[in-house]
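Have a look at the structure first, and then we can go through the pairs together.

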Amino acid sequence: MATIYLSLGSNKGDRAHYIARAIEALGANGIKVTRQSSLFETEPVETTSRAWFLNCVIEAETELLPPQLMHTLLDIERSLGRRRRVLRGPRFIDMDILFYGDDVVSTGQLEIPHPRMAQRRFVLVPFAEIAPEARHPVLKKSIAELLQGTSDRSEVRSFQGKPKK
């Protein structure tokens with residue numbers, strides 16, 4: 001059983017609803033959520049969309065191997081209406097693998113830890129809420145240290161609670 005961290009985001013439709021549905025789908029697909037951050041409303045970064053996102057980070061346990069996990073996340077995204085027609089366009093749901101235990105994975109389709117997470121406040125703020133002492137297996141810094149040192153100054157503000165069902 002591996003402890004994993006995932007980032008979830010939505011900037012299209014009922015954002016909180018899509019995040020809640022994605023979290024439910026994780027449980028139905030062999031990914032047991034053990035901790036979940038609050039929702040944060042975040043300024044769009046690295047996207048063509050101007051709509052603000054809702055983001056959260058979850059901790060979970062799974063027996064799925066990294067490639068299986070990635071395919072499961074992509075299947076869940078598709079089942080919730082995600083279509084990758086526009087590069088970095090608006091999305092009902094987006095799920096990224098941040099950490100898979102202490103593993104480092106680098107293939108043509110998958111990089112773990114997520115290669116840009118240290119430059120993204122929309123990931124680091126919710127991650128620091130649930131696991132500030134988690135250590136990046138490559139950078140050898142805690143999430144709290146990465147948040148303190150990031151050059152990203154995009155806005156991340158608290159939203160009302162956790163995803164609603």
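This is a predicted model: local features need pLDDT of at least 70, side-chain atom pairs count only at pLDDT 80 or more; totals for chains, interfaces and linings use all residues.

Residues are numbered from 1 along each chain as its sequence is written, and side-chain values use heavy atoms, with hydrogens and water left out.

- Glu59 and Arg35 form a salt bridge whose closest N and O atoms are 2.8 Å apart.
- Because Glu59 sits in strand 4 (residues 53–62) and Arg35 in strand 2 (residues 31–36), this pair ties together parts that are 24 residues apart in sequence. Helices (H or I, at least four residues) and strands (E, at least two) are DSSP runs, numbered from the N terminus.
- Glu59 is buried at 11% relative accessibility, while Arg35 is partly exposed at 36%. Here buried means under 20% relative accessible area, exposed over 50%, and partly exposed in between (1.4 Å probe, protein chains only).
- Glu41 and Arg157 also meet in a salt bridge, at 3.4 Å from N to O.
- With Glu41 in strand 3 (residues 40–42) and Arg157 in strand 8 (residues 156–158), the pair links parts that are 116 residues apart in sequence.
- Glu41 counts as buried at 16% relative accessibility, and Arg157 as partly exposed at 34%.

**A pair within a helix, and a network**

- Asp75 and Arg78 join in a salt bridge at 2.5 Å, N to O.
- These two residues are three apart in helix 2 (residues 66–79), so about one helical turn separates them.
- Both are partly exposed, Asp75 with a relative accessible area of 44% and Arg78 with 45%.
- Salt bridges that share partners connect Arg15, Glu41, Glu155 and Arg157 into one network.

**The chain as a whole**

- The protein chain has four helices and eight strands, running β-α-β-β-β-α-β-β-β-α-α-β from the N terminus on.
- Of its 165 residues, 51% count as buried.
- Taken along the principal axes, the C-alpha atoms of the protein chain fill a box of roughly 35 × 35 × 30 Å.
- Among contacts (heavy atoms within 4.5 Å) between residues at least 6 apart in sequence, 70% join residues at least 24 apart.

How values were computed:
A salt bridge is a side-chain nitrogen of Lys or Arg within 4 Å of a carboxyl oxygen of Asp or Glu.
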